[in-house]
Amino acid sequence: MKPAPVLTTAQMQALMPLAKTLGVELVSASKSEVMGTLAWAERLTTAGGMLHGGALMVLADSIGAALAFLNLPTGASTSTTSSNTVFLRGVTAGVVTATARPLHVGRRTIAVVVELADGHGRAVAQVTQSQAVLP
């Protein structure tokens with residue numbers, strides 16, 4: 001049996017420098033679920049002091065990509081091919097947690113759902129994305 005792949009915050013940030021720039025961090029990572037966080041910071045806001053939607057999308061895409069990465073066959077890589085975000089509430093403080101789970105793990109694509117929640121456990125956004133499995 002092949003050992004379970006491992007992914008640390010430092011490894012994820014090395015693979016995705018934008019995640020490091022914005023401060024995305026891993027909480028836990030397995031083939032069945034990846035969790036990560038992004039803390040509210042003024043430099044990441046838009047009108048009204050709300051966390052910018054693009055920052056939330058970077059969090060979701062990074063955590064979704066990490067999940068896809070952990071489900072890749074040996075030697076393969078991945079790239080997001082589609083992403084659909086539904087924003088549900090604004091975030092003006094605290095930490096947003098993203099939880100990614102696989103919807104489908106296939107030979108050519110991996111589909112992922114990512115749920116974002118604020119520090120009170122309230123839904124912030126839901127993202128569905130497709131990741132290509134690249135040889």
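This is a predicted model: local features need pLDDT of at least 70, side-chain atom pairs count only at pLDDT 80 or more; totals for chains, interfaces and linings use all residues.
A residue is called buried when its relative accessible area is under 20%, exposed when over 50%, and partly exposed in between, using a 1.4 Å probe and protein chains only. Residues are numbered from 1 along each chain as its sequence is written, and side-chain values use heavy atoms, with hydrogens and water left out.

Start with Thr99, in strand 4 (strands are DSSP runs of E, at least two residues; helices are runs of H or I, at least four; both are numbered from the N terminus). Thr99 counts as buried because its relative accessibility is 11%. Setting aside residues up to four places away in sequence, Thr99 touches Glu33, Val34, Met35, Val113, Val114 and Glu115; contact means heavy atoms within 4.5 Å.

Now look for the largest nonpolar core, which has 34 residues. Such a core is a set of buried Ala, Val, Leu, Ile, Met, Phe, Trp, Tyr and Cys residues joined through side-chain atoms within 4.5 Å. Among the residues with the most contacts inside this core are Val24, Leu38, Leu59 and Leu116. Helix 3 gives the most to this core, with 10 residues. Leu59 touches Val24, Leu38 and Leu116, among others, not counting residues up to four places away in sequence.

Helix 3 (53–70) turns up again at the largest pocket, where helix 3 and strand 3 (77–87) each supply at least two lining residues. Helix 3 gives the most to that lining too, with four residues.
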